[in-house]
Amino acid sequence: MNNGVKSSTGYSVNLIGAGGIASWVLHGLVRPSRRFAQANGARVTIRVYDSDRVDDDNVHHQNFRPSDVGKVKVDALCDELAEFQCEEIKLIPCAWDVRRESDFDEADLTVVAVDSPKARDLVIGSAKAGKWAICTCAG
C-alpha cells in the first residue's frame, strides 16, 4: 500500500479562481500539502488562476485583507502564503482567466471555483485537468 503517494515525487494542483471560495480553499490546501510533501519526500506545485483585483467588497467575504485592495487576487493570496513556500511547496500566481485549454497547465488535480459555466466545462472536459472538483455556490 502506498498511502496515496504516487510513484513519482511531483504533484501539481490547479486552482481556477481566486475569489469567494477559492481564496479559502487555497489557505486550506497549502498547509496540509506542505506537511504531505515533507512527510513523503515529495514536491507540490500549486497554480492559482484569476485576473481579478481585490476590491473593497471582497474583503468582507473573501480571504483578503484591507491592505490587499487594488492588488491582483492571485498575487495577494500567494504573497500572504509565501512563508509556507519551501523546497517542497511552490505557489505560482497566474494572473489571467482560463478561457482556452492553453490557459492552464496540466495537473494531477484541478479545483474549479469560478462562476463561469464555460470555464467549468472547458476544464472538466480537458485531460490536462487530471482529477477535478467543482467548488461553487448557487445564488
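This is a predicted model: local features need pLDDT of at least 70, side-chain atom pairs count only at pLDDT 80 or more; totals for chains, interfaces and linings use all residues.

Reader: Which residue forms a salt bridge with Glu-87?

Author: Glu-87 sits in the loop between helix H2 (73–80) and E3, and its partner is in strand E2, 44 residues apart. The closest N and O atoms are 3.2 Å apart, and the residue is Arg-43.

Reader: How many salt bridges does the structure hold?

Author: One of them joins Asp-68 and Lys-71, with 3.5 Å between the closest N and O atoms. Another brings together the side chains of Arg-100 and Asp-103, at 3.4 Å from N to O. Counting over the structure, the number of salt bridges is six.

Reader: Which residues are linked with Asp-68 in a network of salt bridges?

Author: Asp-68 itself is buried, at a relative accessible area of 0%. Lys-71, by contrast, counts as partly exposed at 33%. The network links Asp-68 with Lys-71 and Arg-65.

Reader: Why is the pair of Tyr-11 and Phe-36 edge-to-face?

Author: A pair of aromatic rings is described by the distance of the centres and the angle of the planes. Here the centres of Tyr-11 and Phe-36 are 5.4 Å apart. Planes over 60 degrees apart count as edge-to-face, and the pair qualifies because its planes are at 80°.

Reader: How many residues apart in sequence are the parts that Tyr-11 and Phe-36 tie together?

Author: Tyr-11 belongs to strand E1 (residues 10–16), while Phe-36 belongs to helix H1 (residues 22–40). Tyr-11 counts as buried at 15% relative accessibility, and Phe-36 as partly exposed at 26%. The pair therefore ties together parts whose separation in sequence is 25 residues.

Reader: What is the angle between the planes of Tyr-49 and Trp-96?

Author: Tyr-49 is buried, with a relative accessible area of 2%, whereas Trp-96 counts as partly exposed at 40%. Their rings form an aromatic pair at 5.8 Å centre to centre. The pair is edge-to-face, and the angle between the planes is 70°.

Reader: What separates the C-alpha atoms of Ala-22 and Val-114?

Author: Ala-22 has its place in helix H1 and is buried, at 0% relative accessible area. Along the chain, Ala-22 and Val-114 are 92 residues apart. Their C-alpha atoms are separated by 8.1 Å.

Definitions and conventions: Residues are numbered from 1 along each chain as its sequence is written. Side-chain values use heavy atoms; hydrogens and water are left out. Rings of Phe, Tyr and Trp (its six-membered ring) pair if their centres lie within 6.5 Å; planes under 30 degrees apart count as stacked, over 60 as edge-to-face and the rest as tilted. Helices (H or I, at least four residues) and strands (E, at least two) are DSSP runs, numbered from the N terminus. Buried means under 20% relative accessible area, exposed over 50%, partly exposed in between (1.4 Å probe, protein chains only). A salt bridge is a side-chain nitrogen of Lys or Arg within 4 Å of a carboxyl oxygen of Asp or Glu.
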